[in-house]
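I opened my notebook to look around a structure that was new to me. Here is what I looked up, entry by entry.

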Amino acid sequence: MYASGRVRLSMLQEPGGGGGGGRGHEGSFVLWQLAPSMWLVEMSVAGQSVAAGSDGRVAWRRTPWLGAHAARGGSRPLRRALQGLDPVTIASIFSTAEHAGEKEVDGEDCFVLRLDVGPSVLSSWSDGTAEVIRHGLTGFFSQRSGLLARLEDSQLTRIQSPGAAAMYWETTIASAVSDYRAVDGGVAVAHAGTSTAHLARFGVGVRAARVVTRMEESWTIDDVAFNVPGLGPDAFIPPEEVRRSRSYGAAIAGGK
């Protein structure tokens, strides 16, 4: 699979949860995926470029401020692909979800499916200073079409360095997907959407009860194609810095 599109991002700080709007920045992204566990996404916004990928065994990310590094816990699905871009991965992810009721989303009656990450996976995402306490994913699917209309997920992480008080970070992301169009002979793909992400920090020593950073994103898809000729595993090899890291070597050894 291949997709390209445009994004507009804005961010603001909300001490205690208040605040106004932030200045927006426009950019673009490209995404390649070899179903379902190999993927690569590159995004450029306001002169800064970030990338993330998975070779099927290890997920990684590269930013200007942290460089390239492997993510803990091995490979995982790309959230951007779950935002109405990849029906197969969406169906696979929610195949074990529990029915959590019904709700109207933008005038559409939806089934609500809830999926909570298990303790063993949460443990694999944690390390000596950061413990992922919970992570949940909720999908709202149209009763009329069966297509995903809204995606919500949240994660709570406890961070404590030696000799310091514990700090908690809670990340919540809500995405509304729309403008479904048929691609490659009938595959329904969402060509537009919006996401709102909240990053809340709380704990001892935080002046406000909760310090919240909010980021808003709107996106449109310009091009999408399936069964891209010539796209193979070699396109998803991680950067050299990731391949040389101890965490990458440990993940490869653990998968053998």
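This is a predicted model: local features need pLDDT of at least 70, side-chain atom pairs count only at pLDDT 80 or more; totals for chains, interfaces and linings use all residues.

**Entry 1: a pocket.** I began with the second largest pocket, which has 13 lining residues, and E108, A149, V177, S178 and Y180 are the ones nearest its centre. For my own reference: on a 1 Å grid over the protein atoms alone, a pocket is an open set of points where a 1.4 Å probe fits, with protein on both sides within 12 Å along at least five of seven lines, and lining residues have an atom within 4 Å of a point. Residues are numbered from 1 along each chain as its sequence is written, and side-chain values use heavy atoms, with hydrogens and water left out.

The space in this second largest pocket comes to about 230 Å³, a volume being the space filled by probe spheres set on the grid points, which are joined across faces, edges and corners. Which strand gives the most to the lining of the second largest pocket? I found that β11 does, with four residues. Both β10 (148–159) and β11 (167–183) supply at least two lining residues each; strands here are DSSP runs (E, at least two residues), numbered from the N terminus. By type, I noted seven nonpolar, three polar and three charged residues in the lining. In that scheme Ala, Val, Leu, Ile, Met, Phe, Trp, Tyr, Cys and Pro are nonpolar, Asp, Glu, Lys and Arg are charged, and the others, Gly among them, are polar.

**Entry 2: rings.** Next I looked for aromatic pairs, and the structure holds three. Rings of Phe, Tyr and Trp (its six-membered ring) pair if their centres lie within 6.5 Å, with planes under 30 degrees apart called stacked, over 60 edge-to-face and the rest tilted. Y2 and W32 make a tilted pair, because their planes meet at 50 degrees, with the ring centres 5.9 Å apart. Y2 sits in strand β1 (residues 2–15) and W32 in strand β2 (residues 24–34), so this pair links distant parts of the chain, 30 residues apart. W32 is partly exposed at 26% relative accessible area; buried means under 20%, exposed over 50% and partly exposed in between (1.4 Å probe, protein chains only).

Y168 and F202 are stacked, at 5.8 Å centre to centre and 10 degrees between the planes. Y168 is in strand β11 and F202 in strand β12 (residues 187–203), so the pair ties together parts 34 residues apart in sequence. Y168 is partly exposed, at 26% relative accessibility, and F202 is partly exposed too, at 21%.

**Entry 3: strands side by side.** I then followed β2 into β3: the two run antiparallel, joined by eight bridges, and form a hairpin with three residues between them. Strands pair if DSSP finds at least two bridges between them. F29 stands opposite M43 in β3, and R80 lies over the face of F29, 4.9 Å from the ring centre. For such a contact, NZ of Lys or CZ of Arg must be within 6 Å of the ring centre and within 35 degrees of the ring normal.

Is strand β3 (residues 38–45) largely enclosed or open? Six of its eight residues are buried, so β3 is largely enclosed by the rest of the structure. β3 also pairs with strand β4 (residues 48–55), antiparallel over eight bridges, and W39 stands opposite S54 in β4. In their hairpin, with two residues between the strands, A46 takes a positive phi near 55 degrees.
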